[in-house]
Amino acid sequence: MESISGRSNGGRPTGGQSMGESPDSPGSPGSPGSPGSGTFGSRTFSRRWVLGAGATTLLTTGLTACGSGDGSGGGGSTITAFTYGDDAVKVQTAAVDRFNKSAASKSAKGKVKLEKVPGTDYSAKLRTAMGSPSAPDVFFNWGGGSIKAYQEANQLIDLTDTIEGDPVLKGGFLPSVLAAGGLGGRNYGIPMRGMQPVILFYNKSVFAEHKLQPPTTWAELQDINTKLKAAKITPFALGGADTWTELMWLEYLVDRIGGPEVFAKIQGGDASAWGDPAVLKAAETVKELIDDGAFGSKFSSVSYVNGGAPAVFAKGKAAMHLMGSWEYSTQLGKFPSFAKNNLGWCAFPTVEGGTGDIRNVVGNPTNYWSVNSRTQNKDAAIAFLKDCASEAYAKALVANGDIPTTANAAKLLEASPNPEFAKFQYEMVEKAPAFTLSWDQALGADIATPMLTEINKLFVGKSSPSQFVSALKELK
Amino acid sequence: MSAPTPTEDRPTEPTATTSTPPATSSKPPKLSKPSRSSAVGRPHAAWALPGVLFFAFFAVVPMLLAFYLSFTSWDGLGDPQPVGLDNWRKLIDDDRMVQSLWLTVLLTAASWVFQTVIALLLGVWAAGRQRNRAVLSAIFFVPFLLSSTAIALLFYALLDPNFGIIQENILGSSSGAFLAIVFVGGWQFIPFHTLIYQGGARQIPEVLYQAAAIDGAGRYRQFFSITLPQLRHTVTTSTVLLVVGSLTYFETVLILTKGGPGTDTAILPYLMYEAGFKSYDFGYASAIASFLVVTATGLSLILVRLTGFGSMRSTREGM
């Protein structure tokens, strides 16, 4: 997932110091009245400029030195783990502390050092680090396409045999989730976070006020839209400034219209599968929704990441929001009473004439730990991964509001901050005939990036549904 | 550094030390005299070394590396694979490149008009002797001291369609997003160019205005017939910096629009970023980067040549 702010390294117009300035030009207009203000001022400025530049350089070098310091603790080797530095990172922090004190750590003669990479920079930083000598030993990822380049460069340890030979790992996770962390039938990842299916959320108070029921078919959805627009309420919140929010609509529409096989083919490397009629129908449906005002008129500058879309939804300006399951914790953080009392959820409706099952799910099954093949202490890395199957780890996830993808999760969900929502999610994923990984994570970055651009063009009306399809077919 | 001044070769002795022989204390300052005079003048070439090394390591070497990478295919992992001219062919064929180039030109032109007009007027005003001029000039300079990222985030919040001060779909519409980028860039860099123009205007000899006043020229006539022609080189300087700056303008676009809506604000530096750090196609990103370096250098050379700035013809010929 990308986000608004990135590390910026573009240049600004440099210079700023004297350019072709003749020293102390006589008879400058200011000189008689204000004694020497011009030259003195500029000298001070330039000295400060130089000092400032020097200080910045020192600071940067200092920070770099700190960052690269590889504090390997005494008694065995320390392995580094990169993780996505958002709120859920506390679960990993606790796991690392637990592991470093455990017998498993002692027998593998290794400790883990957790490096929390700010989320917005995660993918780029991981890529840069993996190409350098200071690569992490263990790293967070989204499975599928997100690790394809690393697998192709032989940078991943194949975990298939390890999992097969270890009952804790083999029986510890939901099989479909474990499989989604792999490539070509081999396992490269161990699930380490909660499940993140995309869910259709709705504002219960708005629905109650207008006597609406959550939609189960497309016709019902259109009927709801009409009623909401008559009441001057935007049917759906959409943070279109972040293209991945728009992607979710296409993911579900293609699934409901053509079934999960359509994207499975694309994911398998068949770019011509973008030409499937289901993709065109989904794009046309999106265009209808937009032209119909289902997302309002300003969605293309509304952001999810900065809290815009969630606020519009929570305040009742929009009645529904198609979003990943993290919407619950987002709302709990920003609008707690809305999250507790008025946030409703349901499956994405079926589309008449479509072949997709209403129980099919799209989204991120979970996140995974993968192991760098260049790690100096494979035993420690694998011992650390095993902790993810432990009950303590699952309990920490549940306490954080996440739904673990472990086999033992069902009985732990009563302890969740919202057991009702937790059980809905767990059953949704457990019973899903197909769980389609988010397209941008399923495909490699080289295809996902232009794909997201094309999706954004479709949503802002810069390309028609048929232009959209032909552009996607060009992606190789 | 406290080099004693030459006139002070005999330090004034405190009364308590009069018993000591005066010769010993008066000698050292004399010795420093010749070494000091030799330091006056041009500094030794070695003084440039830190700067040259810094420039070489952080500018020249990366530039050469990028140029090399532009002939390879590299996703950041493993070794770059040579692919000959593939990336450069792609650069020529890429539809997005054409759009991007056009947007970059448009952005440069719009920024030039917006920033030059305001900075020139403000700068000439700031060079005068009005009341509160120094205070106001200092306030006007503040935006330039802020980080580009902070400014972009600030405007991103101000332009939020639901919670900002202008609740319109500005960043989501093509022209709105483009104008927002021009405006935010101007807001940040006008102070800098104002400073350049202020310096330039300060150097225009007062006698020119006095002569013009005797000839009966009014304020506007003086501005167009004296100030503007005298600022010719200053305009060139400012323009070169502005053009090169616009060609490398990046963080504002990243934060405000991410190149959108669609691809309608994806100027060259953003396209380069996207190719490199989103698609991990470092070969193609390097080709765009090399193209940018060549274009920016070429444009500044042409500007300097066309305006006669390079030959340093004086604006005060015959004075």
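Tutor: Let's start with chain B, where the domain assignment (bounds come from an automatic or database assignment) gives domain 1 (47–82) and domain 2 (95–306). This is a predicted model, in which local features need pLDDT of at least 70 and side-chain atom pairs count only at pLDDT 80 or more, while totals for chains, interfaces and linings use all residues. Residues are numbered from 1 along each chain as its sequence is written, with chains lettered from A and ligands numbered from 1 in the order in which they are written.

Student: Which element gives the largest share of the side of domain 1 of chain B that touches domain 2 of chain B?

Tutor: The C-alpha centres of these two domains of chain B lie 28 Å apart. Their contact (C-beta atoms, placed from the backbone, within 7 Å) takes ten residues from domain 1 and nine residues from domain 2. On the domain 1 side, α2 (49–69) and β1 (72–73) of chain B are the elements giving two or more residues; helices (H or I, at least four residues) and strands (E, at least two) are DSSP runs, numbered from the N terminus. The largest share, four residues, comes from α2(B).

Student: How do the residues of the contact of α12(B) with α13(B) divide by class?

Tutor: Helix α12 (residues 268–278) and helix α13 (residues 282–306) of chain B pack at about 160°, their axes 7 Å apart; axes are lines fitted to C-alpha atoms, for helices over the stretch in contact, and angles run from 0 to 180 degrees between N-to-C directions. Among the residues that meet are B:Leu268 and B:Met272 in α12(B), with B:Phe282 and B:Ile288 in α13(B). Ala, Val, Leu, Ile, Met, Phe, Trp, Tyr, Cys and Pro count as nonpolar, Asp, Glu, Lys and Arg as charged, and the others, Gly among them, as polar. The contact divides into eleven nonpolar, one polar and no charged.

Student: Over in chain A, is the crossing of α2(A) and α18(A) left-handed or right-handed?

Tutor: The axes of helix α2 (residues 89–101) and helix α18 (residues 391–399) of chain A come within 9 Å and cross at roughly 155°. That angle makes α2(A) roughly antiparallel to α18(A), because angles under 35 degrees count as roughly parallel, over 145 as roughly antiparallel, 65 to 115 as roughly perpendicular and the rest as oblique. A crossing is left-handed if the near helix is turned anticlockwise from the far one by less than a right angle, and right-handed if clockwise. Here, α2(A) passes α18(A) in a crossing that is right-handed.

Student: Which are the edge strands of the open sheet in chain A?

Tutor: Five strands form this sheet, in the order β2-β1-β3-β10-β4 of chain A, with mixed pairing. Two strands pair if DSSP finds at least two bridges between them. The strands that pair on one side only are β2 (110–117) and β4 (190–191) of chain A.

Student: Which residue in β3(A) stands opposite A:Phe82?

Tutor: Strand β1 (residues 77–84) of chain A runs parallel to strand β3 (residues 138–141) of chain A, and two bridges join them. Helix α4 (residues 122–130) of chain A lies across β1, β2 and β3 of chain A, at about 150° to β1(A). Opposite A:Phe82 stands A:Phe139.

Student: How far apart do the C-alpha centres of domain 1 and domain 2 of chain A lie?

Tutor: In chain A the assignment gives domain 1 (77–194 + 366–407) and domain 2 (196–364 + 437–474). Their contact takes eleven residues from domain 1 and eleven residues from domain 2. The distance between the C-alpha centres of the two domains of chain A is 30 Å.

Conventions
Contact = placed C-beta atoms within 7 Å.
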